[in-house]
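Dear colleague,

My notes on it follow directly after it.

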Amino acid sequence: MRIIIYTGKGGVGKTGMAAATACKIAKTGKKVLIMSTDQAHSLGDVFEHKIGREQTKITQNLYAVEIDTVYEGEKSWGNLKGYLKDLFSAKSSDGIEIEELLVFPGLEELFSMFQILDVYESGIYDTLIVDCAPTGETLALLKYPERLSNLIEKVLPIEKLGVKTVGPAIEKIMKVPMPKEEVFDDIESLMDKMKRLQALMLDKTIVSLRVVTTPERIVLQEAKRNFTCLYLYHYNVDAVLVNRIYPKEAMEGYFGKWMQIQEAALEEIKQCFGEVPRFYIELQKSELRTLPIVEALGDRIFKDCDPDDVLFCDTIYETDYTAKTLRIHLPFARKEDLTLEQREKELVAGVQNEIRRFPMPTEFLQKEITGAKFEQGYLTIFFS
């Protein structure tokens, strides 16, 4: 099974690109599910078809679903949430809105992503296409199992035993409710599911992420940050789709300045995503809605390749925070042709007449470069 996840800043056209990809693959005879995990669903609008939290058939081999984040959240941690609500209610005044206190940033998106694991483990489909919310921060949440492993493996069993033996006494004295068995079961199930989801997401033979951007500086900056975050967490980005490129013939006169802005952005895209396959999509003459229009777009975008393939797989750069190093893969460079400088939040590497830009990891933003070496196609940069 293949899983292809589309991410990018809101409004860049992720849904349209995901839908076009799903249509293209479905036409080859593979059974495809396209899933929207973005809370601002627009999948039904693109297909002009009513889509809900149940999988709905759009056309032959193509099915769609829009994830209900509230429903998935209740299903994933209903018992734990209920306990926390009782705990807060026991000591709070009437003025505190308990439900608002239990809204944790990123948690609903994470629960939505559990559906990716469920679909994969069901084995019903050949390909899953995911129209995702901006995922840099969401995918970072998948590191929780590593960080909380001691809690799960050592502390949780002790706490579970303690609640069974002395919990009633504490509850009586302190006048606060103790967690029930199902609360611990929720936590263990949640952590286990996160571990399985993380393992799946890191399997580069199955999962590819594709970043959608437009040729505008603000949008491109967000795409670069997203790209960096995904690579630093070792997820595979196998393509960048540049959407809404203005045709030259439409940009004369009043819109001439926009053409200059677009050309500068396209050059920066080349510098930032050099190795990764890039697809350029012109601004469409009509709204991207109805199945025939979406199918035609999929044919145009992927006319020279199979979108179900893993289009690219490599480690472009990686960090070692202990050694304070950033390692960049420059496979065709020669040491004597390299230049390196730090510009605000970016590293700029020159290779002869080519420029490559690499967004700085957050941990290194306030640090200075102390040295660098180039060996066997890798540039290693040392920080203070």
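In this predicted model, helix α1 meets helix α12 through M17, A19, A20, C23 and K24. On the side of α12, the residues involved are L291, V294, E295, L297, G298, D299 and I301. Helix α1 spans residues 14–26, and its axis lies 8 Å from that of α12, at an angle of about 80 degrees. The two helices are therefore roughly perpendicular to each other.

Helix α12, residues 291–301, also packs on a sheet, where it touches β3, β4 (62–66), β7 and β8. The direction of α12 makes about 135 degrees with that of β8.

The sheet in question is open and consists of eight strands with mixed pairing, in the order β3-β4-β2-β5-β1-β6-β7-β8. Its edges are formed by β3 (56–59) and β8 (278–282), each of which pairs on one side only. On average, and with direction ignored, neighbouring strands of this sheet are turned by 25 degrees against each other.

I looked in some detail at the end of the sheet that carries β6, β7 and β8. Strand β6 (residues 207–213) pairs with strand β7 (residues 237–245) in the parallel sense, over five bridges. Within this pairing, V212 has L241 of β7 as its bridge partner. The pairing of β7 with β8 is likewise in the parallel sense and runs over four bridges; here V242 stands opposite Y280 in β8.

Between these last two strands, the chain passes from β7 through α11 to β8, and this β-α-β crossover is right-handed. Helix α11 (residues 256–272) lies across β6, β7 and β8, and it runs at about 175 degrees to β7.

Which residues of β8 belong to its covered face, and which to its uncovered one? F279 and I281 make up the covered face, whereas R278, Y280 and E282 make up the uncovered one.

A second open sheet has four strands in the order β9-β10-β15-β14, with antiparallel pairing. Strands β9 (317–320) and β14 (369–375) stand at its edges with a single partner strand each, so one side of each is left without a neighbour in the sheet. Neighbouring strands in this sheet are turned by 15 degrees against each other on average, direction ignored. Inside it, strand β10 (residues 325–329) and strand β15 (residues 378–383) pair in the antiparallel sense over five bridges, and L326 stands opposite I381 in β15.

How accessible are C132 and C305? C132 has a relative accessible area of 2% and is therefore buried. C305, by contrast, is partly exposed because its relative accessible area is 27%. The cysteine in helix α1, C23, is among the residues that meet α12.

Some figures for the chain as a whole may also be of use. It has twelve helices and 15 strands. Of its 384 residues, 48% count as buried. Among the contacts in the chain with a separation of 6 or more, 72% are accounted for by residues 24 or more positions apart.

With kind regards

Definitions and conventions: Residues numbered from 1 in each chain as written. Predicted model: local features only at pLDDT ≥ 70, side-chain atom pairs only at ≥ 80, totals over all residues. Heavy atoms only, no water. Pairing = 2+ DSSP bridges. Axes fitted to C-alpha atoms, helices over the stretch in contact; angles between N-to-C directions. Contact = heavy atoms within 4.5 Å. Buried < 20%, exposed > 50% of the residue type's maximum accessible area, 1.4 Å probe, protein only. Right-handed = clockwise from strand over helix to strand, strands pointing away. Parallel < 35°, antiparallel > 145°, perpendicular 65-115°, else oblique.
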